[in-house]
Amino acid sequence: MLVFLSLIETEDERDAIEKIYHEHFDWMLKTAFYFLKNNEDAEDVIQDVFVNLIKNKVNFPIDDEERLRAYLFICIRNTSLALNKKKKKSTVDFSPYTFSTRDDMQQALIEKDFYNEILSYINTIPPIYKDVLMLSLVYDKTTAEISKILNMPFKTTETRLRRAKMLIKKQFKELDI
Amino acid sequence: MNENVNILKKALLESTLQEIKEINNDDFSELRPSAGFKAKIYSSYVKPKRTIKKSLIIAIAVAVIGAVITISSVSAIRKPIFGFIVEMFEGHTVFSFSEETDKSDPRYIETVYSPLPSMLERGYLLEHHAVAPASVFYTFEVEATGVDINLSQLALTATIHVYYENVEFTEKYVDKQKVYFLDGDDSKIAVWYCHDYLFNLNCHPSIGWDEIERIVRETIYSDGVPISEWGK
């Protein structure tokens, strides 16, 4: 079966992919395994992530270690989630990301510092919303680009982004996003 | 207001980094990549050129380039000496310009050789069109069926990777022009080198080979339009 056709246009693109391979491969596989609890599925996800990085040609933050790592993490988590959904398995443990109760939220918001308040709240947001928000705000990606990066329909991306912003704005009215 | 958004951005990044840290603190001592997986990723996606055992170097453009060199202009001498390389290995084929290409002289698209006018006349719809310094892309839609045809023209810095399983390329001449064809379950591909550029066509399997050859032929016989005038 034909898989796909891709283009690496420049030496910079090739160098970026090589850097990711040499410096991040091991923890990428580990991260995929964490989500899927299955070696074979984890390898499929890593292969898909590499293919996606090459295919989509969306600039990724290659020179900033932390931002690059977070970017790859988002790609891995979403690809894992999509694979799991496809296979209709129930082994993926996304429980840390389920919504907290209102009481939990109130507890979290006891934090005095605004940064800590936001951080505490973000830690409770489901990853499907958090990741699109990350790509939009931290990486300045457009909805179309996020749709490509996460291999997700444009409409779904648009809806998730809108809901993510609504969640944040509902909690922090002073945030203009 | 912006300050608050910056705090949100910082918190988003921090939250994700915390998650990564937690995962990496977990014990996955049982985790081992299956045999050859890491090497497969490297050879397939990272540096296929350096790991390839079986390669076929095809000097297609020697005669053409030789003729150009006799004109003795500086720009002509800088043209690539050899054509492009086709590297084949299990499940993956790479088309790229040869290492002999002068990398100090990066090539950009100077002239567009396109079947666009003819395809529009035949009823194709131009769905998407993009021009980058080193590439020109089109996506056409067949109005009756809604299926897509993707065509690209690439300058010398480009590499095309074709990933497939259990599908062989076939070589065929279309009006003395060597073209590589691939017939996959969900796509038909043609790759060819002419006018000093690499072209590839990737389309739905319902498109007939006669039509694909026609598009290749139209590209070969295209007079070309300078990039500065393209799209005007």
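I took a cavity to be a set of points, on a 1 Å grid over the protein atoms alone, where a 1.4 Å probe fits but cannot get out, with lining residues having an atom within 4 Å of a point. Points are joined across faces, edges and corners, and a volume is the space filled by probe spheres set on them.

I note that this is a predicted model, in which local features need pLDDT of at least 70 and side-chain atom pairs pLDDT 80 or more, while totals for chains, interfaces and linings use all residues. Residues are numbered from 1 along each chain as its sequence is written, chains are lettered from A in the order in which they are written, and side-chain values use heavy atoms, without hydrogens and water.

**Cavity.** I searched the whole structure and found one cavity of 30 Å³ or more. The largest cavity holds about 80 Å³ of space. I counted 10 lining residues, with A:Asn52, A:Leu53, A:Asn56, A:Tyr71 and A:Ile149 nearest the centre.

**Salt bridges.** I applied the criterion of a Lys or Arg side-chain nitrogen within 4 Å of an Asp or Glu carboxyl oxygen. B:Glu218 pairs with B:Arg122, the closest N and O atoms being 2.5 Å apart. The two residues are 96 residues apart in the chain. B:Glu218 is buried at 17% relative accessible area (buried is under 20%, exposed over 50%, partly exposed in between, with a 1.4 Å probe and protein chains only). B:Arg122, at 26%, is partly exposed.

Notes. On a 1 Å grid over the protein atoms alone, a cavity is a set of points where a 1.4 Å probe fits but cannot get out, and a pocket is an open set with protein on both sides within 12 Å along at least five of seven lines; lining residues have an atom within 4 Å of a point. Helices (H or I, at least four residues) and strands (E, at least two) are DSSP runs, numbered from the N terminus.
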